[in-house]
Amino acid sequence: MDKEPITKILQVNNQIDELARVAEFLEELGDDWELPMPLVLSLNLVLEEALTNTILYGFDDENQHTITVGFSFDGEILGITLMDDGHEYDPTLKEDPDITLAAEDRQIGGLGIFLIKKTMDTVIYQRKENKNYLILTKKIKS
Amino acid sequence: MNVKVAASPDYTLVTVEGRIDTTTAAEFEKSIMEIIDGGCTKIILDCTALNYISSSGLRVFLIVQKKMMSIGGHFRLSSLQPGIKEIFDISGFSAIFKVYADHDAAIKG
């Protein structure tokens, strides 16, 4: 498909209560781009996991930071790029949890990045000019 | 997120509505832990109206499951929406929780 992609940008402060605004933004995006509701909820999950990590652990000071989230859709591939100016952190290096373990052996937590990897088709990390870029894509079945 | 609790002699039925995410998981954990601390060893969690869960919510589910196993109780889930079921499958949680199609099946066990 050679369609010119449609794009949209969301800027998020490094505060957890911003996640409510992210959910609202995604609902609007889903309406505008005619995305099915289950997909919108999946994208909400991906963004919540990525943003929660960055907001809670990504910054070494108490200052306000802005995380920029770019969305693009060409009718086939949906792309999301998150950019922040926190310390260098490559989430793709995090080891996957062992999901075959019994409840008593399962560790509490550690599922966030794994859910991102399982939900999206590609997850790429880049560090450029002191910024973290997390580049995600998902092929949308039509 | 809303949590409703209905106790009967045999089990406590907990109904959760809305989203269990980073901003609501702590409140959900507190609600469930209060029920367990109150002496309840059998909980059925009706998830009919649970339409979103993130890893923060899954974390609480695992904490509750571990707690229930340690006191010899049980924690049964019923009526998961397809999107929630998918996340349970991806996480391996479908294998570590007792998940039932509906409330009646959860009561029978």
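A polar contact is a pair of N or O atoms within 3.5 Å; within protein, one must be able to donate a hydrogen and the other to accept it, and residues adjacent in sequence count only if both atoms are side-chain atoms. In this predicted model, local features need pLDDT of at least 70, side-chain atom pairs count only at pLDDT 80 or more, and totals for chains, interfaces and linings use all residues. Residues are numbered from 1 along each chain as its sequence is written, chains are lettered from A in the order in which they are written, and side-chain values use heavy atoms, without hydrogens and water.

Between chain A and chain B, 11 residue pairs are in polar contact, both residues at pLDDT 80 or more. Contact in general (heavy atoms within 4.5 Å) joins 24 residues of chain A to 23 residues of chain B. The two chains bury about 1800 Å² between them, 66% of it on carbon and sulfur atoms; this is the accessible area (1.4 Å probe) that two parts lose on being put together, summed over both. In chain A, the residues that lose the most area to chain B are A:Glu48, A:Ala103 and A:Ile108, together 29% of what that side buries.

Now the interior. A nonpolar core is a set of buried Ala, Val, Leu, Ile, Met, Phe, Trp, Tyr and Cys residues joined through side-chain atoms within 4.5 Å, where buried means under 20% relative accessible area (1.4 Å probe, protein chains only). The largest such core has 37 residues, and B:Phe75 is among those with the most contacts inside it. Beyond its neighbours within four places in sequence, B:Phe75 touches residues including B:Ile43, B:Phe61 and B:Lys98. A second, separate core has 32 residues, among them A:Val46 and A:Leu136.

Definitions and conventions:
Buried means under 20% relative accessible area, exposed over 50%, partly exposed in between (1.4 Å probe, protein chains only).
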